[in-house]
Amino acid sequence: MADKTDELLTNYYSGLIDTKILLRRAELQWRPNDDNAGIKSLNKHTRPLEDMLARYEADSILHELTKQRDAIKRLETTFSEETKQIVQMHYDRRERLSWVVISLRMNLSERTCRTYQKTFKDSVAQTFNELDIAV
């Protein structure tokens with residue numbers, strides 16, 4: 001990996017960020033958070049859905065993962081379809097395509113494909129820096 005932005009984009013396009021979000025939600029859903037185990041409280045209301053949503057909102061790890069995913073999704077919409085395809089082919093580690101294969105599929109030069117990828121990566125890094133999102 002070249003840097004943290006490359007790792008983040010690889011995780012996003014390989015589906016790892018979505019998997020981490022689902023796993024974190026499952027972990028929060030099944031984690032007991034009863035401080036008074038064994039003591040019955042008469043005034044305690046049981047609202048499992050509201051309690052679960054409150055845990056989701058309070059969890060910093062889930063919040064950070066969601067911010068990363070949403071920022072990349074929003075940024076993707078500002079680029080051309082061609083750039084999106086090049087970036088996806090480059091960062092998706094399930095296929096592991098080389099620049100030569102990407103350039104042949106896109107019918108562009110290898111250098112042009114690398115330029116599109118670099119522009120997208122730089123814009124992600126700048127956006128994350130401006131929004132104070134951890135990479």
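Mentor: Gladly, and keep in mind that this is a predicted model. Let us begin with R96, which lies in the loop between α5 and α6.

Trainee: What makes R96 count as exposed or buried?

Mentor: Its relative accessibility is 61%, and exposed means over 50%, so R96 counts as exposed. R96 also has a positive phi of about 55°, although it is not a glycine.

Trainee: Where does D132 lie, and what is its phi near?

Mentor: D132 lies in the segment after α7, and its phi is near 55°, a positive value in a residue other than glycine. At 65% relative accessibility, against a cut-off of over 50%, D132 counts as exposed.

Trainee: Now the aromatic rings. Why is the pair of Y13 and Y91 called stacked?

Mentor: A search of the whole structure finds 3 aromatic pairs. For Y13 and Y91, the ring centres are 6.4 Å apart, and rings pair if their centres lie within 6.5 Å. Their planes are at 15°, and planes under 30 degrees apart count as stacked, so this pair is stacked. The partners come from distant parts of the chain: Y13 is in helix α1 (residues 4–13) and Y91 in helix α5 (residues 81–91), 78 residues apart.

Trainee: How do you know whether Y13 and Y91 are buried or exposed?

Mentor: Buried means under 20% relative accessible area. Y13 has 6%, so it is buried, and Y91 has 1%, so it is buried too. Ring pairs also link Y12, Y13 and Y91 into a cluster.

Trainee: What kind of aromatic pair do F79 and F120 form?

Mentor: Their centres are 5.1 Å apart, with 70° between the planes. Planes over 60 degrees apart count as edge-to-face, and that is the name for this pair. F79 lies in the loop between α4 (60–76) and α5, and F120 in helix α7 (residues 110–130), so the pair ties together parts that are 41 residues apart in sequence. Both F79 and F120 are buried.

Trainee: What makes you say that R25 lies over the face of Y56?

Mentor: R25 is at 5.6 Å from the ring centre of Y56, and the cut-off for that distance is within 6 Å.

Trainee: Let us turn to α6. How do you know that its buried residues line one face of the helix?

Mentor: In α6 (residues 99–106), W99, I102, S103 and M106 are buried. Seen down the helix axis, the buried residues fall within an arc of 95°, so they line one face. They pack against α5 and α7, while the face turned away from the buried side carries the exposed residues L104 and R105. After α6 comes N107, whose phi is positive, near 60°.

Trainee: Why does S103 count as buried?

Mentor: At 9% relative accessibility, S103 is under the 20% cut-off, so it counts as buried. Leaving aside residues up to four places away in sequence, S103 touches L108, S109, E110 and C113.

Conventions: Residues are numbered from 1 along each chain as its sequence is written. This is a predicted model: local features need pLDDT of at least 70, side-chain atom pairs count only at pLDDT 80 or more; totals for chains, interfaces and linings use all residues. Side-chain values use heavy atoms; hydrogens and water are left out. Rings of Phe, Tyr and Trp (its six-membered ring) pair if their centres lie within 6.5 Å; planes under 30 degrees apart count as stacked, over 60 as edge-to-face and the rest as tilted. Helices (H or I, at least four residues) and strands (E, at least two) are DSSP runs, numbered from the N terminus. Buried means under 20% relative accessible area, exposed over 50%, partly exposed in between (1.4 Å probe, protein chains only). A charge sits over a ring if NZ of Lys or CZ of Arg is within 6 Å of the ring centre and within 35 degrees of the ring normal. The arc is that of the directions from the helix axis to the C-beta atoms. Contact means heavy atoms within 4.5 Å.
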